[in-house]
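Grab the model and work through a few exercises on it. Each one comes with a solution you can check by eye.

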Amino acid sequence: MRLVLMGPPGAGKGTQADIVSGLLGVPHVSTGEIFRHNVSRGTSLGLEAKRYMDAGEYVPDGITNAMVRDRLSQEDCRPGFLLDGYPRTVEQVGELSAMLRSSSDSLDRVVELTVDVDEVVDRLVKRATDQGRSDDTEDVIRRRLEVYFQQTAPLTAMYEAQDLLIQVDGLGSIDEVTARIVAALGIQS
Ligand code: AMP
């Protein structure tokens, strides 16, 4: 299965993507995680990405698309994958379609986790305290949400038009949200 998981920062995408990819037996491909991994190793990709991440901005499409193209071309992604945090711009949607088309593949579903904005701000502030992410300060959190609603929220209409979108209520316990995703996808938990 080839899946995309969308939702605003703090919606619980990473947690759910980990669980659901495990249930499906496909790799969890998180662009945010790949960037953070590169930042912590001090690679040139990491140094470049960090400037944008720390400001709450998106890393430019050219850099992000090349990184995803490389990751999805690896052997473990051949049977399927769960993309977490990509695509996030209209251009990335087009790039992902082109990548899949070139191997005669297509997306099966796009799951959007819907949440209340006040709730995600609370979650992100809490995560900042727990994990100390450098892009989790209050100003940056606000900017990340703004960027999401400007640039990424419109993508759901594109996927709805392609009949791929499933919206899942992201409020509730981790288990409750997983159960909703599993039911919406019609998979066994
Ligand atoms: P995340 O862990 O998914 O919230 O991503 C953390 C940060 O990585 C984002 O705020 C962006 O700066 C960057 N990032 C992750 N995915 C993308 C993407 N698809 N396009 C551009 N920037 C991204």
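**Exercise 1.** In this predicted model, find how many residues surround the ligand and which are closest.

*Solution.* Next, sort the shell by type: 5 are nonpolar, 5 polar and 6 charged. Then ask where they sit: helix α2 (residues 31-41) gives the most, with 4 residues.

**Exercise 2.** Work out how far a polar side-chain atom of T31 lies from a nitrogen atom of the ligand, then do likewise for R88 and Q92.

*Solution.* Take polar contacts as N or O pairs within 3.5 Å.

- T31: a polar side-chain atom lies 2.7 Å from a ligand nitrogen.
- R88: an N or O atom of the side chain is 2.8 Å from a nitrogen atom of the ligand.
- Q92: here the side-chain N or O atom is 3.0 Å from a ligand nitrogen.

Now for the cover: on its own the ligand exposes 480 Å², and the protein buries 96% of that.

**Exercise 3.** Trace the pairing around strand β4 (residues 109-114): in what sense does β4 pair with β1, and over how many bridges?

*Solution.* Begin with β1 (residues 2-6), which pairs with β4 in the parallel sense over 4 bridges. To find your place, look for V4, opposite V110 in β4. Then move on to β5 (residues 165-169), which runs parallel to β4 and is joined to it by 5 bridges.

How values were computed. Residues numbered from 1 in each chain as written. Predicted model: local features only at pLDDT ≥ 70, side-chain atom pairs only at ≥ 80, totals over all residues. Heavy atoms only, no water. Pairing = 2+ DSSP bridges. Helix = DSSP H or I, 4+ residues; strand = E, 2+ residues; numbered from the N terminus. Near = heavy atom within 4 Å. Polar contact = N/O pair within 3.5 Å; in protein donor to acceptor, adjacent residues only side chain to side chain. Areas by Shrake-Rupley, 256 points an atom, 1.4 Å probe, with all protein chains shown as cover. Nonpolar A, V, L, I, M, F, W, Y, C, P; charged D, E, K, R; others polar.
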